[in-house]
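Grab your viewer and work through the exercises below.

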Amino acid sequence: MLRYLHKTADGGAGADKWLGPGEEALTGFSWRGGKERETTGIWMWSRPFIRALPSGEEVAVLLMDTQGTFDNETSMKGNCTVFALSTLLSSVQVYNVMTAVQEDDLQHLHLFTEYSLQVYEGGHQKGVPPFQNLTFLVRDWSHVDSHPWGNEGGAAYLNGVLAQKPDQHPELKQVREHVHSCFEKLDCHLMPHPGFEATEDPAFDGRTSMLRPAFLPVLKAAVESILSPDKLVVKKARARARACACRPRARRGCARGRSWPVFPTRLALPPTPPHRARRQCARPVRACAGERGGADCHGAALLFQSLHCAVRCG
């Protein structure tokens, strides 16, 4: 993305060749391959890129790079804070996932956006999405027989993932309703594997000559779909365009030394006495068993026995 903004700064006939020579190393934000993290917190490029919209209005484009979530060095609060800040600051946020959009990715997105809403000044007006665009970037997508690489296949795939079905579990429906309610637009790009020459070579420095040929046109289309002048999304706050991205209501409290809202982890929840847990699990099942008869009663009794055993065994 940074290379695209640099190479297309002056427009011109060569702007469509912004990927550059095949032997040109990738520079800009610090990056490296491997399992150890490189980015910590949120990094923002030091200067804005001025672009003219099709309407003639000039806007400033700012690029942010954030650390990945759920490494072995960051707490849940830290993950939530980074995601919340990037959500509040961005008009377009790219959610990077591996191979597919899994249910735990949606659960984490649910948690992070709930955290973001806690610090959103003015609260969340029902029926009006508080945030703008979210793009899922699915890396190493291999199911091209059902959904081809790129945005078109990604949109069809994401529609299937976020679809609500009559027989769907209420928890899964709630997650999907929440995600739809939080963002004005949801998008998806399916990316091919970049090639083993790049991923397995410790000396890989980002040169495109080492990337799989099928990867390059999909990469080019994904970047241009976000950053080309006719695709740029102006940052809004409370449904109006703003020069400043947002004003988190927790900011003033943080400046005085108070902390951001805290989401307790499972280990931090207060323990429930075993006898109370057994009563809480048994009560609704007993009510069901007492109100129904026949096969339903027998099924409820079996369910009660399994729950009772599970609670006793911890």
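A salt bridge here is a side-chain nitrogen of Lys or Arg within 4 Å of a carboxyl oxygen of Asp or Glu. The model is a predicted one, where local features need pLDDT of at least 70, side-chain atom pairs count only at pLDDT 80 or more, and totals for chains, interfaces and linings use all residues. Residues are numbered from 1 along each chain as its sequence is written, and side-chain values use heavy atoms, with hydrogens and water left out.

**Exercise 1. Find the salt bridges, and say which residues form a network.**

Step 1: Apply the rule above, and the count comes to 6 salt bridges.

Step 2: Look at R207 and D205, whose side chains meet in one of these at 2.8 Å, N to O. R207 comes out partly exposed at 24%, and D205 is partly exposed at 22%.

Step 3: Bring in E23, which is linked with D205 and R207 in a network of salt bridges.

Step 4: Go on to K220 and E224, another bridged pair, with 2.8 Å from N to O. Both sit in helix α7 (residues 215-227), 4 residues apart, or about one turn of the helix. Helices (H or I, at least four residues) and strands (E, at least two) are DSSP runs, numbered from the N terminus. K220 has 23% relative accessibility and is partly exposed; for E224 the value is 23%, so partly exposed again.

**Exercise 2. What does the salt bridge between R176 and E103 tie together?**

Step 1: Check the distance: the two side chains meet at 2.8 Å, N to O.

Step 2: R176 belongs to helix α5 and E103 to helix α3, so their bridge ties together parts that are 73 residues apart in sequence.

Step 3: R176 is buried at 5% relative accessible area, whereas E103 is partly exposed at 27%.

**Exercise 3. Which residues of the largest nonpolar core touch the most other members?**

Step 1: Set the rule: a nonpolar core is a set of buried Ala, Val, Leu, Ile, Met, Phe, Trp, Tyr and Cys residues joined through side-chain atoms within 4.5 Å.

Step 2: The largest core has 29 residues, and V101, L109, F136 and Y157 touch the most other members.

Step 3: Trace the suppliers. At least two core residues come from each of α2 (76-89), β5 (92-98), α3 (103-118), β6 (131-139), α4 (151-161), α5 (170-182) and β7 (183-190). The most come from α3, which gives 5 residues.

Step 4: Zoom in on L109. Contact means heavy atoms within 4.5 Å. Setting aside neighbours within four places in sequence, L109 is in contact with F83, Y95, L134, F136, V179 and F183.

**Exercise 4. Sum up the whole chain.**

Step 1: Count the secondary structure: 10 helices and 9 strands.

Step 2: Work out the burial: 33% of the 314 residues are buried.

Step 3: Check the contacts. Among those between residues at least 6 apart in sequence, 69% join residues at least 24 apart.

Technical notes:
Buried < 20%, exposed > 50% of the residue type's maximum accessible area, 1.4 Å probe, protein only.
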